Amino acid sequence: MAAESLSPGRSRSELKTRTLSAIVMVAVAGIALALGGLVWQLFVLAVAVGVLWEWNKLVRRIAVSRWARLIWLVAGVVYVGTASEVLASIPLMFGALGPLIPVALVVATDVGAYFAGRTFGGPKIAPMISPSKTWSGLAGGALLSALASLGLLVLATGRILFDEAQVLAQFMIAGVAVAVIAQAGDFFESWMKRRAGVKDSGSLIPGHGGLFDRVDGLLAVLFVAGLLSAIRRFF
């Protein structure tokens with residue numbers, strides 16, 4: 001997306017809108033997570049339905065034939081459904097705060113990519129799809145995600161495992177993998193929007209666009225986690 005020149009007044013107004021929207025989003029998700037159980041599952045279901053609705057709107061602009069739209073819709077149900085099932089079931093495996101693990105790593109990726117990209121710039125990864133994303137941004141996102149993964153390990157164990165290099169390496173690799181997958185999910189959604197000829201997947205969240213815009217990277221991470229889990233069940 002090309003940079004848009006905004007007047008100081010409009011820029012402050014948009015920043016205020018984005019901030020208030022972010023506070024509301026975090027508050028709603030936090031309450032659902034705190035209540036847990038059925039409330040959390042209903043929250044995940046509501047987000048999934050919203051993302052699928054936006055997915056379908058994009059598909060109607062991308063696919064011309066009925067069969068192509070049907071294939072896209074099935075793919076969306078599999079993609080979003082798998083990711084949602086993983087997110088809804090995480091509390092059962094890792095406790096009530098378990099969903100914060102992938103969220104924290106994806107947020108770390110976005111923050112690291114943003115600041116590294118703005119600081120170092122450099123070659124673009126795929127300028128035809130997302131002109132603002134650079135290789136330096138991806139490296140910064142991967143580094144911060146790896147550090148966040150180590151931070152979660154310290155929080156879980158209560159100590160720094162300097163004497164267990166293999167465990168540290170595994171968590172760092174996991175953090176890097178999450179960053180790469182999250183960026184791939186971001187690119188995938190950007191590719192869909194570019195093909196559909198729209199800037200945002202929706203307008204549900206003032207200042208942020210649609211739900212799909214907010215969870216594109218997280219969706220990809222959860223989907224891959226679901227695939228790996230399914231593969232482990234069969235092999």
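A nonpolar surface patch is built from residues with over 30% relative accessible area and no salt bridge, where nonpolar side chains are joined within 5 Å. In this predicted model, one such patch covers about 690 Å². The patch is made by Val 103, Val 107, Val 111, Tyr 114, Phe 115, Leu 143, Leu 144 and Leu 147. Two elements, H4 and H5, each give two or more residues to the nonpolar patch. The largest contribution is that of H4, with five residues.

Leu 144, one of the patch residues, is found in helix H5. Its relative accessibility is 31%, so Leu 144 counts as partly exposed, a class that lies between buried, under 20%, and exposed, over 50%. Val 176, located in helix H6, also counts as partly exposed because its relative accessibility is 36%. Between Val 176 and Lys 133 there are 43 residues of separation in sequence, and the C-alpha to C-alpha distance is 17 Å.

Lys 133 takes part in a salt bridge with Asp 186. The model has three salt bridges in total, counted where a side-chain nitrogen of Lys or Arg is within 4 Å of a carboxyl oxygen of Asp or Glu. In the pair formed by Asp 186 and Lys 133, the closest N and O atoms are 3.5 Å apart. This pair connects distant parts of the chain, with Asp 186 in helix H6 and Lys 133 in the loop between H4 and H5, 53 residues apart. Asp 186 and Lys 133 are both buried.

A second salt bridge joins the side chains of Glu 189 and Lys 193, with an N to O distance of 3.5 Å. Glu 189 and Lys 193 are four residues apart in helix H6, and therefore about one helical turn separates them. Both Glu 189 and Lys 193 are buried.

Lys 193 also forms a salt bridge with Asp 213, and here the closest N and O atoms are 2.9 Å apart. This pair, too, links distant parts of the chain: Asp 213 belongs to helix H7 and Lys 193 to helix H6, 20 residues apart. Asp 213 is buried, as is Lys 193. Through shared partners, the salt bridges join Glu 189, Lys 193 and Asp 213 into one network.

H7 supplies the largest share of the lining, 10 residues. Sorted by class, the lining consists of 21 nonpolar, seven polar and three charged residues.

Conventions:
Residues are numbered from 1 along each chain as its sequence is written. This is a predicted model: local features need pLDDT of at least 70, side-chain atom pairs count only at pLDDT 80 or more; totals for chains, interfaces and linings use all residues. Side-chain values use heavy atoms; hydrogens and water are left out. Ala, Val, Leu, Ile, Met, Phe, Trp, Tyr, Cys and Pro count as nonpolar, Asp, Glu, Lys and Arg as charged, and the others, Gly among them, as polar. Patches are made of residues with over 30% relative accessible area and no salt bridge: like charges are joined within 9 Å, nonpolar side chains (Val, Leu, Ile, Met, Phe, Trp, Tyr) within 5 Å. Accessible areas come from the Shrake-Rupley method with a 1.4 Å probe; for residues, only the protein chains shown count as cover. Buried means under 20% relative accessible area, exposed over 50%, partly exposed in between (1.4 Å probe, protein chains only).
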